[in-house]
Amino acid sequence: MKVVVIGSGIAGITFAEKYRTLMPDADIVLVTIEQEGYYSRPLLSRGFTKDDIEQTIILKSFGKLRESNINIIDSTEVIAIDRHAKAIEINGPEQEKVIKYDTLILAQGSAAFVPPPFRPFEKLFFSLNSLVDLKAMRRFRQPFLTQGNRPHWAIVGGGLIGCEVASDLATAGDKVTIFHGMDRLMERQLAEEDSALLLNVLQTSGVEVLMDQTVHGFAQKGDKVCVNTEATAEFDALIVACGFKPRTDLAEAAGLDVGRGIKVNPFLQTNDEAIFALGDAAELPNGKLYAYILPIRSQALWLANYLAGQEQNPWSPPAFSTKAKVHGFEAKQPYNL
Ligand SMILES: Cc1cc2nc3c(=O)[nH]c(=O)nc-3n(C[C@H](O)[C@H](O)[C@H](O)COP(=O)(O)OP(=O)(O)OC[C@H]3O[C@@H](n4cnc5c(N)ncnc54)[C@H](O)[C@@H]3O)c2cc1C
């Protein structure tokens, strides 16, 4: 039995490790574009107040995972799925460009969502979705710090990630302005009273928050970037934090059913019985994406048990909650997930 996993986030790694313990003789191959090991994505939004984040964010090195007899192929992108041949095509330093599978696990996660009007300006802004993104932002920031200055960041989007990053940058001493399209922060997750509390906490930490903003686009002006709304404001750097987009391209090109995510049945199985999907990439029959650590871990453990023949019931989501990692903020009511 050869199981091939695409992706080394919590979904792919948790599955592979659990499946290894249940099936000591299985051939497990995990292909990932990542280079630096398995890291904690939630910690990305604490990437400015922790000096040693680039080391402490790594939960396990790929070398350590290989010791459990999981064949990790890193720095390698999966570029196609050939369902007929039951094989994936890869693009990386490995000589072998095709890997056969009996069972394929799609754990490719999600990318930052960039609204279509912003796409022509992609070179002008950062998004915070991966360790590579965080390192790029930290590299950009370093020369300001070395000269005893602080950059002024514009963040477009006052959702969960926008607020977390704003809070961490401000706590680290940077200047931050949030442009939010709605009339209150984190309006999807928080009750009105908690949005007001969050606004107060951010403003107290020095973050400027602009509500009801329609951002038309961006422009470069010397070494500054401009955010164009009704007025034009200049900043040292720009972050677009407008949500996430499940990575469905490979699945779609292979003819799998795709909606917002890769569609799966209650057994996390796609419309191809040899292919399963989980994590940020998967859309359950109720139309939901369970894009949080706790349910994803539950999916990964469940799937390993199911494929090892130790589980017969379908996956059901555990009770879970989340909270924004905004310094000094505690919501009074549960989040709407
Ligand atoms: C800044 C930030 C803060 C967050 N904070 C929280 C929090 O506090 N609590 C919480 O519950 N959730 C939080 N989340 C959400 C949570 O991190 C995600 O739901 C979870 O990490 C998704 O895990 P995953 O394994 O499905 O996908 P990912 O972690 O995205 O992993 C997918 C992996 O697949 C790789 N990959 C993709 N395509 C290919 C390909 N074609 N070939 C090879 N490799 C590929 C990617 O490089 C990536 O390593 C946060 C997310 C972010 C971005």
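Tutor: A term to start with. A helix here is a DSSP run of H or I with at least four residues, and helices are numbered from the N terminus. Also, this is a predicted model.

Student: Which residues of helix 6 are buried?

Tutor: Asp-194, Ser-195, Leu-198, Leu-199 and Leu-202. They cover an arc of only 145° around the axis, so they sit on the same side of helix 6.

Student: What do those buried residues pack against?

Tutor: Helix 5 (160-171) and strand 13 (208-210).

Student: And which exposed residues are on the face turned away?

Tutor: Glu-193, Gln-203 and Thr-204.

Student: New topic. How is the chain split into domains?

Tutor: The domain assignment gives domain 1 (2-111 + 244-307) and domain 2 (114-240).

Student: How far apart are the domain centres?

Tutor: Taken over C-alpha atoms, 30 Å separate them.

Student: Where does the ligand lie relative to the domains?

Tutor: Between them, because domain 1 and domain 2 both give residues to the shell around the ligand.

Student: How many residues surround the ligand, and which are the closest?

Tutor: There are 35. The closest are Gly-7, Gly-9, Ala-11, Gly-109 and Gly-279. By class, the shell divides into 17 nonpolar, 12 polar and 6 charged residues.

Student: Which element gives the most to that shell?

Tutor: Helix 1, with 3 residues. Helix 1 (10-22), strand 6 (77-82) and helix 8 (293-307) each supply at least two.

Student: Last one. Is Met-137 buried or exposed?

Tutor: Met-137 has 21 C-beta neighbours inside 10 Å, so it counts as buried; the cut-off is 20 or more. Met-137 lies in helix 4 (residues 131-146).

Student: What is Met-137 in contact with, leaving aside neighbours within four places in sequence?

Tutor: Phe-126 and Leu-128.

How values were computed:
Residues numbered from 1 in each chain as written. Predicted model: local features only at pLDDT ≥ 70, side-chain atom pairs only at ≥ 80, totals over all residues. Near = placed C-beta within 6 Å. Nonpolar A, V, L, I, M, F, W, Y, C, P; charged D, E, K, R; others polar. Domains from an automatic or database assignment. Buried ≥ 20, exposed ≤ 12 C-beta atoms within 10 Å, placed from the backbone. Arc of directions from axis to C-beta. Contact = placed C-beta atoms within 7 Å.
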